[in-house]
Amino acid sequence: MKVFFLVLLQLAALNFLTAQISNPVDVTIELGGAGQMITVNSTSVNLEFQTAADYTDGVHSGAATNDHLTVGSTSGFQVVVKGAGDLSDGMHSIPLNSIVITPSNGSEVTGITPAYLPTTNGLTTVDQAIITSSSGVSSAKFDVDYFAHNNDAYLNAVGSYGAATYSTTVTYAILPF
Amino acid sequence: MKKKSVLMLLAIGGVFCGVGNSFAQSGDVTLNVKLKPILNIAVSNGQTVDLEFATATDYQNGVTSDIADHLTVSSTSGFTVSVKSSGDLVNGTSPSLPIGDVAITSQDGSAHPIAGVDGTSLVSGLALTNAAQPIFTSTSGTALGTINVNYKAKLTDDDLDTQGIIINTTTGEQTYTATLTYTIATP
C-alpha cells in the first residue's frame with residue numbers, strides 16, 4: 001500500500017514538470033506585423049480654391065506634401081489609402097472620389113524600386129494600394145500629391161455661405177506585399 | 001529550468017511590445033478642401049463693338065454683330081448677368097440716337113457650358129435701356145463660363161426722317177457711341 005502511494009506522487013510530479021516546460025512552445029511570433037511601420041508627416045492637408053482657374057483646373061497640394069509618408073518594412077510591402085467618407089462641412093458634402101492621390105519618390109528612397117499607383121478614379125472608403133515594393137527598406141520617404149478636381153461639385157458647394165471648408169480623414173496603412 | 005523559461009517569455013514579450021508601441025502600421029491625416037466664393041465677369045473683343053451702316057440694306061434691315069464668348073463669367077453659385085447703357089448713342093455734336101435702337105440676344109457660349117441655363121433665362125432682341133436688365137440667368141455656378149452676345153442696331157424712321165442726322169453728314173460718316181456695362185450678381 002505504501003509503495004503504490006509513492007508511485008502516484010511521482011507520476012503527479014512528472015506531469016507538473018512537463019506542463020511547466022511545454023508552455024513557452026505555444027508563443028506565436030508575427031514578424032510581418034511587427035516589422036512594418038508608416039508615419040504620416042502632416043496632421044492636415046489643405047486644398048484652397050480661391051480663383052476661377054482653381055475651380056476649372058483643380059487644386060494640387062504639390063510641394064506642401066513632399067515627404068508626406070515615411071515607411072519602413074523588413075520585407076516587401078504595400079501602402080494602401082482610403083477616406084473616411086465624402087468631404088463634409090457639417091451640412092453639405094462633396095464626393096470623396098473627387099480627390100486623386102498620386103505618390104512618387106520622396107527625398108529618401110534607396111535600395112528599392114517601388115511601383116506607384118495613383119488613385120486615378122478617386123479616393124474611396126475601401127483601401128487602394130498606392131505604393132508597392134517587392135523588397136523591404138529600413139526607411140523610405142514618399143511624396144504624395146493630393147488633387148481636388150471636380151469643379152462642378154465644388155462650384156455649387158459654396159452656396160450662399162460665403163466660404164466653406166469640407167473635410168474628411170484619409171488613412172494610410174502598410175501591409176505585406 | 002522553470003526560471004529560465006519565464007525569463008525568456010518576458011524578454012520576447014518586451015521586444016514585441018516595444019515594437020508595437022513605437023511603429024504604427026497606419027496613420028491618419030485630415031484633408032481640408034477650402035472653397036472661397038468667386039464672382040466676376042469680363043468682356044472680350046477688345047471691349048469695343050462696331051456696328052457699321054454702309055448700304056441701303058443696312059439702313060433698311062439693321063446691322064448685327066455676333067460675338068461668340070463675349071462675356072466670361074465665374075460664380076460659385078447661381079447668378080444673373082445684367083446690362084445697362086450709360087445713355088443714348090452720342091457723337092458730341094449731333095442729336096443723339098436712342099439706345100433702344102440697339103437690342104441684345106444672349107446665348108450660352110462655348111467654354112465650360114453653363115448648367116442650369118434654359119431658354120427662358122436668355123433674352124432675344126432685348127432693347128437696351130439706361131436701367132440694368134437681366135440677359136442671362138443660371139441656377140448653378142460656373143468657372144470661366146462664356147456667353148455669346150448678339151448686338152443688333154436698327155434705326156427707326158424717326159431717326160432717319162425727323163432727325164435726318166445720319167445720311168446728311170458732310171464728312172461721310174458719323175460715329176455714335178454709348179458705354180454698356182455688364183454686371184454679375186447672385187440672387
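Contacts, defined as heavy atoms within 4.5 Å, link 50 residues of chain A with 32 residues of chain B.

Because the model is predicted, local features need pLDDT of at least 70 and side-chain atom pairs count only at pLDDT 80 or more, while totals for chains, interfaces and linings use all residues. Residues are numbered from 1 along each chain as its sequence is written, chains are lettered from A and ligands numbered from 1 in the order in which they are written, and side-chain values use heavy atoms, with hydrogens and water left out.

**Interface between chain A and chain B**

- The two chains bury about 3600 Å² between them, and 62% of this area is on carbon and sulfur atoms; buried area is the accessible area (1.4 Å probe) that two parts lose on being put together, summed over both.
- Between chain A and chain B there are 18 residue pairs in polar contact, both residues being at pLDDT 80 or more.
- A polar contact is a pair of N or O atoms within 3.5 Å; within protein, one must be able to donate a hydrogen and the other to accept it, and residues adjacent in sequence count only if both atoms are side-chain atoms.
- On the side of chain A that touches chain B, at least two residues each come from α1 (2-22), α2 (31-34), β1 (36-40), β2 (44-49), α3 (52-57), α4 (151-155) and β12 (164-176) of chain A.
- These elements are DSSP runs numbered from the N terminus, with helices (H or I) of at least four residues and strands (E) of at least two.
- β12(A) gives the largest share of that side, 11 residues.

**Strand pairing**

- Strands of a sheet pair through backbone hydrogen bonds, either parallel or antiparallel; here two strands pair if DSSP finds at least two bridges between them.
- β2(A) pairs with strand β1 (residues 26-35) of chain B in the parallel sense, over six bridges.
- Within that strand of chain B, K34(B) is the bridge partner of E48(A).
- Inside chain A, strand β5 (residues 77-83) and β12(A) run antiparallel and are joined by seven bridges, with Q78(A) opposite L175(A).

**Salt bridges**

- The whole structure contains two salt bridges over all chains, each being a side-chain nitrogen of Lys or Arg within 4 Å of a carboxyl oxygen of Asp or Glu.
- One salt bridge is counted between chain A and chain B: E48(A) meets K36(B), with the closest N and O atoms 3.7 Å apart.
- E48(A) is partly exposed at a relative accessible area of 28%, and K36(B) is partly exposed at 34% relative accessibility; buried means under 20% relative accessible area, exposed over 50%, and partly exposed in between (1.4 Å probe, protein chains only).
- K141(A) and E108(A) form a salt bridge through their side chains (3.4 Å, N to O).
- K141(A) lies in strand β11 (residues 137-148) and E108(A) in the loop between β8 (99-105) and β9 (115-116) of chain A, so the pair ties together parts that are 33 residues apart in sequence.
- K141(A) is partly exposed at 23% relative accessibility, as is E108(A) at 29%.

- T132(A) lies in strand β10 (residues 128-133) of chain A and counts as buried at 14% relative accessibility.
- Apart from neighbours within four places in sequence, T132(A) is in contact with F77(A), Q78(A), P114(A), A115(A), L117(A) and F177(A).

**Chain B**

- Chain B has three helices and nine strands, and 36% of its 187 residues count as buried.
- An open sheet of five strands in chain B has the order β2-β3-β8-β5-β6, with antiparallel pairing.
- Its edge strands, β2 (39-43) and β6 (126-127), each pair on one side only.
- Strand β5 (residues 102-108) of chain B runs antiparallel to β6(B), joined by two bridges, and A103(B) has A127(B) as its bridge partner.
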